[in-house]
Amino acid sequence: MDAQEEYLKLLFGCELEIRAFIGSIVRGSHDRDDVFQEVALTLWKEFPRYDRSRSFAAWARGIAAMKLMQRWDKTKRLPIVLSPEAIQAVSSAFDRSEALASGKAEALEQCLDQLPEKSRQLLALRYERSLKIEQIALELQATLDAVYQSLSRLRARLLDCVNRRLSAGGAA
Amino acid sequence: MSNSERGQELIQKYLEALASEAEIAELEGLLATDPEVAAAFAAAARLEAGLLGYFRQQYKIDQVAALLNAPESPATPAAGAAAENTGEPAEPRLPPGSTFTPRLDRLAEARRVTGRKPRSESPRWKSIAAAALVLILGSVAVWSIKRGGEEPLRLVSGRLTVAGREVTAVPENAIFEVAGDDAAVIEFGNGIRLELTALTRATLNRKSGRPVLVVKSGSGDFNVARNPLDFRMETAFGVVTTEAGRFSLNIVEGRPGPSSQPASLPLPSLTVVVAEGSVSVEHGGISTQIKAGQQRVFFSST
């Protein structure tokens with residue numbers, strides 16, 4: 001396997017993990033894509049220095065965190081919302097829980113499968129159509145607070161379901 | 001309220017972009033001091049990314065489902081000729097790394113998850129597909145009447161070769177290469193102007209009267225004035241479309257080399273820079289809108 005092939009394989013193997021990290025700190029899908037592309041290019045440039053005994057995702061996240069901290073602007077707070085200290089703390093939390101991330105996508109699919117149709121429709125409005133809470137409330141003729149609470153409860157329920165499946169080894 | 005409960009509350013608000021500056025500051029403090037809150041934040045972020053990935057995937061699968069349910073129509077002679085001359089399928093292939101390619105076999109499952117009914121039980125899709133077909137055929141007919149058929153192509157400057165032989169006109173449905181050191185300028189009568197740099201290899205097809213440029217390698221500048229049919233370009237990295245815009249595109253093929261010097265090798269990629277208007281790139285099952293002044297790089301995952 002040549003270096004390019006190895007790099008791309010590693011990158012795409014943890015793409016969701018890197019996107020999750022960047023997405024939690026950067027606002028706006030275009031800015032998130034920009035940061036991801038910048039990180040991917042930097043990772044490739046730095047690839048000769050990658051220590052293969054380390055997790056690639058953790059190494060990639062470290063570089064992404066550095067990029068985000070460099071771009072942080074205290075006065076604007078956008079698109080990087082969190083402070084460098086918070087970014088560092090989030091990066092460490094991702095590192096500590098990296099083992100839990102594997103198999104999560106499959107577990108999530110199974111958990112979504114168990115949701116009632118109404119709940120899936122609400123999630124689809126939020127994530128498939130990218131509607132804001134106000135727009136969802138308008139569409140469903142519900143109050144903003146009701147939509148917010150429903151989404152929060154759904155997320156909590158999904159997280160709980162995913163964790164239970166992963167700890168029971170039922171994701172496979 | 002415990003740190004953990006307050007942390008959860010703030011994380012939910014933060015994810016919905018509803019947190020105030022004071023609340024973001026409070027969340028930052030908790031993240032930096034309480035590993036439990038930081039862990040909850042990481043878990044929530046992973047779930048958010050997972051949900052986005054899942055539902056956008058579903059959206060794409062539903063689009064594919066709509067296509068599969070559309071009435072079948074025979075390939076046009078031009079499309080057939082394209083397949084014959086280029087040795088490639090007439091229909092566009094999904095870009096390498098497309099995330100929904102391996103999931104097509106899970107279409108039935110996806111329909112079940114999203115509550116869609118199977119084809120035979122779903123006349124709604126047929127109606128939509130039929131209506132879309134009528135609309136498309138109608139648009140093409142109106143366009144053809146207005147334009148008096150397909151727009152002529154003109155090689156304004158530069159040299160083109162097909163299989164090593166120089167040609168004087170722009171060939172359709174055959175792979176051509178820009179020969180010599182100068183760029184080749186190609187114009188359509190309807191306000192589309194392409195400037196392809198030396199050594200660029202491409203094929204020009206028409207699908208339903210719409211010009212489709214399949215770029216194998218190379219680069220170029222593209223100027224598409226607003227016209228009834230938008231312009232479409234296909235590459236191994238994704239499909240580029242625009243209704244109107246001025247943009248440039250560069251394909252880096254990338255070649256395997258010694259693994260000791262990876263950073264000196266270019267990554268296979270497609271770079272799109274938009275100067276005016278906007279351009280859409282369909283890459284890996286995701287559509288990205290690129291506006292004037294923006295640049296995007298797309299990598300192949302193979």
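The questions below turn to confidence and then to the contact between the chains.

Analyst: This is a predicted model, in which local features need pLDDT of at least 70 and side-chain atom pairs count only at pLDDT 80 or more, while totals for chains, interfaces and linings use all residues. Residues are numbered from 1 along each chain as its sequence is written, chains are lettered from A in the order in which they are written, and side-chain values use heavy atoms, without hydrogens and water.

User: What pLDDT does chain B average, and which residues stay under 50 with 88 contacts?

Analyst: The pLDDT, the predictor's confidence in each residue from 0 to 100, averages 69 over chain B, with 60% of the residues scoring at least 70. Where pLDDT is low, the predicted coordinates should not be read in detail. The stretch of chain B that stays under 50 and has 88 contacts (heavy atoms within 4.5 Å) beyond four places in sequence is residues 71–130.

User: How much area do chain A and chain B bury between them?

Analyst: The contact takes 55 residues from chain A and 58 residues from chain B. Buried area is the accessible area (1.4 Å probe) that two parts lose on being put together, summed over both. Of this area 62% is on carbon and sulfur atoms, and the total is about 5,100 Å².

User: Which residue of chain B forms a salt bridge with A:Arg155?

Analyst: A salt bridge is a side-chain nitrogen of Lys or Arg within 4 Å of a carboxyl oxygen of Asp or Glu, and five are counted between chain A and chain B. In the one formed by A:Arg155, the closest N and O atoms are 2.2 Å apart, and the partner is B:Glu16.
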